[in-house]
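Please read this briefing alongside the sequence and the structure shown below. It takes the topics one at a time for a reader who is new to the model.

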Amino acid sequence: MKKQISVSVESEKFSALTMYLEQKNMHLTEEMDKCIENLYQKNVPQNVREFIELQLLEKEIQRENRRTKSKSKLEPA
């Protein structure tokens with residue numbers, strides 16, 4: 001599950017930032033995602049990141065298994 005965060009910034013700074021990012025064909029949300037990822041990599045120990053990745057992979061596999069099972073129930077035998 002993803003969490004959503006909000007950040008307060010002065011409107012003039014926000015307008016200037018988005019304008020200059022657009023000139024570089026960049027998007028604020030993508031740049032913020034990169035910043036969050038960098039913070040995560042810098043501050044969360046490697047062994048914890050590996051554990052989290054395994055948990056996320058396991059959840060994805062479970063989702064795929066559920067999708068496959070529900071598709072097979074809908075298809076005629």
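How do the residues of the lining of the largest pocket divide into nonpolar, polar and charged? They divide into 12 nonpolar, 3 polar and 6 charged, where Ala, Val, Leu, Ile, Met, Phe, Trp, Tyr, Cys and Pro count as nonpolar, Asp, Glu, Lys and Arg as charged, and the others, Gly among them, as polar. This is a predicted model, in which local features need pLDDT of at least 70 and side-chain atom pairs count only at pLDDT 80 or more, while totals for chains, interfaces and linings use all residues. Residues are numbered from 1 along each chain as its sequence is written, and side-chain values use heavy atoms, with hydrogens and water left out.

**The largest pocket**

- The largest pocket has a volume of about 900 Å³, a volume being the space filled by probe spheres set on grid points that are joined across faces, edges and corners.
- The lining of the largest pocket is made by 21 residues, of which Lys3, Ile5, Met32, Asp33 and Ile36 lie nearest its centre.
- The elements that contribute two or more residues to this lining are α1 (11-23), α2 and α3 (46-74), and the largest share, 7 residues, comes from α2.
- Helices are DSSP runs (H or I, at least four residues), numbered from the N terminus.

- Ile5, Val7, Met32, Ile36 and Leu39 together make a nonpolar surface patch of about 480 Å², with accessible areas taken from the Shrake-Rupley method with a 1.4 Å probe and, for residues, only the protein chains shown counting as cover.
- Such a patch consists of residues with over 30% relative accessible area and no salt bridge, and nonpolar side chains (Val, Leu, Ile, Met, Phe, Trp, Tyr) are joined within 5 Å, whereas like charges are joined within 9 Å.
- Isoleucine 36 belongs to helix α2 (residues 28-43), and this residue counts as partly exposed because its relative accessibility is 43%, the class lying between buried (under 20% relative accessible area) and exposed (over 50%), with a 1.4 Å probe and protein chains only.

**Salt bridges**

- Side chains of opposite charge can pair when their charged atoms come close.
- The whole structure holds 3 salt bridges, each defined as a side-chain nitrogen of Lys or Arg within 4 Å of a carboxyl oxygen of Asp or Glu.
- Glutamate 31 and lysine 34 meet through their side chains in a salt bridge of 3.2 Å, N to O; they are separated by about one helical turn, because they are 3 residues apart in helix α2, and lysine 34 is partly exposed at 48% relative accessibility.
- Arginine 63 pairs with glutamate 60 in a salt bridge whose closest N and O atoms are 2.6 Å apart, and because these residues are 3 apart in helix α3, about one helical turn separates them.
- Arginine 63 has a relative accessible area of 34% and is therefore partly exposed, and glutamate 60, at 32%, also counts as partly exposed.
- Glutamate 64 forms a salt bridge with arginine 67, with the closest N and O atoms 2.4 Å apart, and the two residues are 3 residues apart in helix α3, so about one helical turn lies between them.

- Asparagine 25, in the loop between α1 and α2, has a phi near 55°, a positive value in a residue other than glycine, and is exposed, with a relative accessible area of 69%.
- Most residues other than glycine have a negative phi.
- Glutamine 55, in helix α3, is 18 residues from glutamate 37 in sequence and 18 Å from it in space, C-alpha to C-alpha.
- Serine 72, also found in helix α3, is 38 residues from lysine 34 in sequence and 38 Å from it in space, C-alpha to C-alpha.

Note on methods
1 Å grid on protein atoms, 1.4 Å probe; cavity = no way out; pocket = protein on both sides within 12 Å on 5 of 7 lines; lining within 4 Å.
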